[in-house]
Amino acid sequence: MEKIASFTINHLKLYPGVYVSRKDHVGQEVITTFDLRMTRPNFEPVMNTAEMHAIEHLGATFLRNHPVYGSKTVYFGPMGCRTGFYLLLAGDYESLDIIPLMKEMFAFIRDFEGEVPGACARDCGNFLDINLPMAKYLAKKYLEEVLENINEERLVYPQ
């Protein structure tokens, strides 16, 4: 069986960043999948599920309500390895195209106060596993250490 594309990335050289993981064609539409890598794989500790869950709820809520990208958001959710998130947008994009959107989203998460949207038994299958303070900390870290001064090394997968 052939390896899927995401398993061909050299994770030993991968740093936190915003990468185009793949582009798929569905009819006339292009769906761009972004790899929002928040921790360095195999070097840093992975994120815990509770903070990832909070980021997922807040990020999905932010994106689906965004005036420009709301109707283009196909999916936002965690990677199984717990080092980041996938964002799927309808459209043909490059990493640099969504940096302003990612800055806006992670600032929204960093600054969020109140109840996490959908964090109740009626709306979520695991509502008790949400850690807002840690999600805010990780959003701030990603914003300051990656997004604010992003460079080519953190926009294109390493060879």
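Analyst: For the sorting used below, Ala, Val, Leu, Ile, Met, Phe, Trp, Tyr, Cys and Pro count as nonpolar, Asp, Glu, Lys and Arg as charged, and the others, Gly among them, as polar. The model is a predicted one. By this sorting, the lining of the largest pocket divides into nine nonpolar, five polar and two charged residues. That lining has 16 residues in total. Those nearest the centre of the largest pocket are H11, R37, M79, C81 and T83. The space in the largest pocket comes to about 220 Å³. In general, empty space is found by rolling a probe the size of a water molecule over the atoms.

The second largest pocket has a volume of about 180 Å³. It is lined by 13 residues, and T39, P45, M47, L138 and K141 are the closest to its centre. The lining of the second largest pocket divides into eight nonpolar, two polar and three charged residues. Which helix gives the most to this lining? Helix α3, residues 132-147, does so, with five residues.

The structure holds six aromatic pairs. As a general point, such a pair is described by the distance of the ring centres and the angle of the planes. For F106 and Y142, the ring centres are 4.8 Å apart and the planes stand at 65 degrees; planes over 60 degrees apart count as edge-to-face, so this pair is edge-to-face.

F62, F108 and F112 form one aromatic cluster. Rings also meet charged side chains: the charged end of R40 sits over the ring of F43, 3.6 Å from the ring centre. K72 lies over the face of Y69, at 5.8 Å from the centre of that ring.

T8 has 53% relative accessibility; exposed means over 50%, so T8 counts as exposed. From T8 to Q159 the distance in space is 9.9 Å, C-alpha to C-alpha, while the two are 151 residues apart in sequence.

Note on methods. Residues numbered from 1 in each chain as written. Predicted model: local features only at pLDDT ≥ 70, side-chain atom pairs only at ≥ 80, totals over all residues. Heavy atoms only, no water. 1 Å grid on protein atoms, 1.4 Å probe; cavity = no way out; pocket = protein on both sides within 12 Å on 5 of 7 lines; lining within 4 Å. Points joined across faces, edges and corners; volume = space filled by probe spheres on them. Helix = DSSP H or I, 4+ residues; strand = E, 2+ residues; numbered from the N terminus. Phe/Tyr/Trp six-rings, centres within 6.5 Å; stacked < 30°, edge-to-face > 60°. Lys NZ or Arg CZ within 6 Å of the ring centre and 35° of its normal. Buried < 20%, exposed > 50% of the residue type's maximum accessible area, 1.4 Å probe, protein only.
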